[in-house]
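Reader: Hi! Could you walk me through the charged side chains in this one?
Author: Happy to. Here it is.

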Amino acid sequence: YLFAEALQHSSYVRICMDNKIKLKTFLRDLLADYGAGPDFGDDDPLVTSGILDSQAVLRMVVFLEDEFGIDLAERGFDQNDFDSLTGMMRLVGSNH
């Protein structure tokens with residue numbers, strides 16, 4: 001039983017890390033489109049800092065809907081969810 005639980009936890013952690021890599025890669029590409037450098041911390045504010053604008057948030061919404069099946073029309077929209085990698089990871093995690 002413990003082995004099965006550990007294996008399940010290991011799979012969950014791997015999926016979370018894969019999702020984080022996908023999100024971070026997307027955000028790096030988005031930042032490059034806005035002339036910003038590729039380095040940012042998980043909790044760095046990307047929108048409220050002015051680095052990214054509302055058009056970038058729209059691109060984030062489309063990415064999350066397409067890549068992770070998140071339906072923001074059903075779930076509701078909170079700008080704080082899009083301000084950092086951590087916020088976006090919470091959105092992805094709450095969808096599974």
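Author: One definition to start: a salt bridge here is a side-chain nitrogen of Lys or Arg within 4 Å of a carboxyl oxygen of Asp or Glu. Also, this is a predicted model.

Reader: Thanks! How many salt bridges are there in the whole structure?
Author: The search turns up 5 salt bridges.

Reader: Which residue does K20 form a salt bridge with?
Author: K20 pairs with D42, and their closest N and O atoms are 2.6 Å apart. That connects distant parts of the chain, since K20 sits in helix α1 (residues 2-33) and D42 in the loop between α1 and α2, 22 residues apart.

Reader: And what about D33, which partner does it have in a salt bridge?
Author: D33 has R59, again with 2.6 Å between the closest N and O atoms. D33 belongs to helix α1 and R59 to helix α2, so the pair ties together parts that are 26 residues apart in sequence. D33 is exposed at 51% relative accessible area, while R59 is partly exposed at 38%.

Reader: Nice. Which residues do salt bridges with shared partners join into one network?
Author: K20, K24 and D42.

Reader: Switching topic: which residues gather in the patch of negative charge on the surface?
Author: E65, D66, D71 and E74. Of these, D71 is in the loop between α2 (54-68) and α3 (72-75).

Reader: Last one: is S84 buried or exposed?
Author: S84 counts as buried because its relative accessible area is 10%, under the 20% cut-off. A polar atom of the S84 side chain lies 3.1 Å from the backbone nitrogen of G87.

Key:
Residues are numbered from 1 along each chain as its sequence is written. This is a predicted model: local features need pLDDT of at least 70, side-chain atom pairs count only at pLDDT 80 or more; totals for chains, interfaces and linings use all residues. Side-chain values use heavy atoms; hydrogens and water are left out. Patches are made of residues with over 30% relative accessible area and no salt bridge: like charges are joined within 9 Å, nonpolar side chains (Val, Leu, Ile, Met, Phe, Trp, Tyr) within 5 Å. Accessible areas come from the Shrake-Rupley method with a 1.4 Å probe; for residues, only the protein chains shown count as cover. Lys and Arg count as positive and Asp and Glu as negative; His and the chain ends are not counted. The place of a charge is taken as NZ of Lys, CZ of Arg, CG of Asp or CD of Glu. Helices (H or I, at least four residues) and strands (E, at least two) are DSSP runs, numbered from the N terminus. Buried means under 20% relative accessible area, exposed over 50%, partly exposed in between (1.4 Å probe, protein chains only). A polar contact is a pair of N or O atoms within 3.5 Å; within protein, one must be able to donate a hydrogen and the other to accept it, and residues adjacent in sequence count only if both atoms are side-chain atoms.
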